[in-house]
Amino acid sequence: MVMFLKNLMPYKKAKEIVFKRLEKLATEKVKLIPIYEAYNKISSEDILSPEDLPMFNRAAMDGYGVIAEDTFGASETNPIILDLLGDPHKPVREGQCVKLSTGMATPEGVNAVVMKEYCREGEGFVEIREGVRPYENICKVGEDIKKGDLILKRGDVITPYHIGILSSLGIRYIRTYDLSVGVVSTGDELVDLEDFSSIEELKRKKKYIINSNTPMFYALIKELGFSPKIYKSVGDNKEEIKEALLKSIEENDIVITTGGTSVGDRDYTVEVVKDIGKLIIHGVQIRPGKPFGFGRCSLGEKEVLLYILSGYPVAAVVQFELFLRNYFRSRRSIYLPLARSVPSTPGRTDVVRVKLVSENKRTYVEPLRIKGSGILSSLKDGDGYIIIDENVEGYEKGEYVKVYLF
C-alpha cells in the first residue's frame, strides 16, 4: 500500500487543526510557579508592569547630589563651594549638596549628581570642579520601565533578564504552561541505550539500531520548558504498542510516538491509535515528514493529544518543529539571499535545512546537499531551515528567503 501525494492533507490545513487542539489543551494546563523556577518556561499570560522602574529618582553615580543650576560655570580653575548636609534624606536647598552612593534615592531638591572625581570634600563643604546639567547622572522615575509597560507577553520564553525585571517589580509568581509529554519509540530494530553492553556487540549482530529518538525528544521537550517522560522502546507488536500507549496516555497530557506511522505491513501505531482513540490526521503534504499522524484519546474527562511521528530522526524533528514547537516557541527568523537555487515540487511544502555562509563580507543561505530523513548530522551542522510553500516552485540563486534559525 502506497501513500500517494494526492491523498495527503495540505500543511496549512493540518497546522490549523493541530494548533486549534493545542490551544484548548494549553489553556487548561497552566501552573502558578515561583519566579525562581520560571527560567526557560513559557508565559501563559501577558504581564504589565504594576509600577514605574525606578520607583523613585536615584543616583546613577557615586558623588554629590546638587541643584544643577548651582554648579553652572564650575571648573578646575573656578570651583564652586556648596554646603554639605550630613543627612542624605534631608531636602537640599540652594547652595547645598548631599553625599550619595549609586542607587540611593535622591532627596527633595536634588536634580543632578556630580561625580565624586570632580569634587573635593572638606569639613562641612564640597568644592565642585565641573558643572552638571539638570538630571545628569540621575535615573529618573520610569526611565527603565513605565507603569503599564508590557514586560512579558503570552508565549514568551522566560529568560534570566525577565526574571530580573519581574523581581525588581516585586512579582513573586508567574503563570506558565505546564505540560507533561511522554515519548514512546517503536520498531523491532531498536535497542535502547541501557540495553546493550558495547557498540562492538551491536556491530557484530548487524540487526539493531540504537534508539536515538527517545533521548533526542527528551531534550527537545525539556527545551520547551515542559516535563518529558520517556518509556522503553517497543517492537512492532500491536498489543505491546497498545499497552505502552495506554500507560503513557494515562500519565501525560501529550504523547509522542516515533515509528510505525507509514502504511507498511508492520506499521501498527496508526492502527492502535484508531483502536484506542481517534485519528484526526494521517499524512501531510510536507517533505520531510509526509507520514505525520495526529490524534486524541479520552480517559474520562481527560483528553490526551497524540503525535505520531516518523521513525526517521530528521523527519520526526521536522514534524515536531512544525506541529508542536512552533505553537509554543517560534524560531527567530531573518531574510537572507540564497547561495544557490533550490527546487521544489508544486503541491508540497518543503522544509529545507540550510547553513549560513560568508562570501565577500556578505552572508548567504546555503541549502545542505543531503538526502534522506535519517541523516542526523544535517541537524547538527545546519544553522536553520527555510520553508518552501506548496504554491512555490523553488527559489532562484540570490533570491531573499526567510530563514528560521536554530
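Predicted model: local features only at pLDDT ≥ 70, side-chain atom pairs only at ≥ 80, totals over all residues.
Residues are numbered from 1 along each chain as its sequence is written, and side-chain values use heavy atoms, with hydrogens and water left out. Helices (H or I, at least four residues) and strands (E, at least two) are DSSP runs, numbered from the N terminus.

**Helix α2**

- Helix α2 spans residues 160-168, and its buried residues are His 162, Ile 163 and Leu 166; buried means under 20% relative accessible area, exposed over 50%, and partly exposed in between (1.4 Å probe, protein chains only).
- These buried residues line one face of α2, because they fall within an arc of 100 degrees when seen down its axis; the arc is that of the directions from the helix axis to the C-beta atoms.
- An α-helix has 3.6 residues a turn, so residues three or four places apart point the same way.
- The packing partners of the buried α2 residues are β2 (47-48), β11 (150-152) and β12 (173-177), where contact means heavy atoms within 4.5 Å.

**Backbone geometry**

- Most residues other than glycine have a negative phi, and most peptide bonds are trans.
- The peptide bond from Leu 53 to Pro 54 is cis, with omega near -5 degrees, and Pro 54 lies in the loop between β2 and β3 (58-59).
- A cis peptide bond, with omega near -5 degrees, also runs from Arg 287 to Pro 288; Pro 288 belongs to the loop between β19 (286-287) and β20 (293-299).
- Asn 40, which is not a glycine, has a positive phi of about 70 degrees; this residue sits in the loop between β1 (30-34) and β2 and counts as buried at 19% relative accessibility.
- Asn 360 has a positive phi near 55 degrees; Asn 360 lies in the loop between β23 (349-359) and β24 (362-367) and counts as exposed at 69% relative accessibility.

**Buried Asn 252**

- Asn 252 is in the loop between α5 (238-251) and β17 (254-258), and at 1% relative accessibility it counts as buried.
- The side chains of Asn 252 and Ser 180 are joined by a polar contact of 2.6 Å; a polar contact is a pair of N or O atoms within 3.5 Å, and within protein one must be able to donate a hydrogen and the other to accept it, while residues adjacent in sequence count only if both atoms are side-chain atoms.
- The Asn 252 side chain also reaches the backbone nitrogen of Gly 182 at 3.4 Å.

**Salt bridges**

- The structure holds 26 salt bridges, each a side-chain nitrogen of Lys or Arg within 4 Å of a carboxyl oxygen of Asp or Glu.
- Glu 108 and Arg 93 form a salt bridge, with the closest N and O atoms 3.5 Å apart; Glu 108 lies in the loop between β6 (96-100) and β7 (112-115), and Arg 93 in the loop between β5 (80-85) and β6.
- Lys 238 and Asp 275 meet in a salt bridge (3.3 Å, N to O); Lys 238 lies in α5 and Asp 275 in α6 (residues 269-276), so the pair ties together parts that are 37 residues apart in sequence.
- Glu 76, Arg 120, Glu 127 and Arg 129 are linked in a network of salt bridges.
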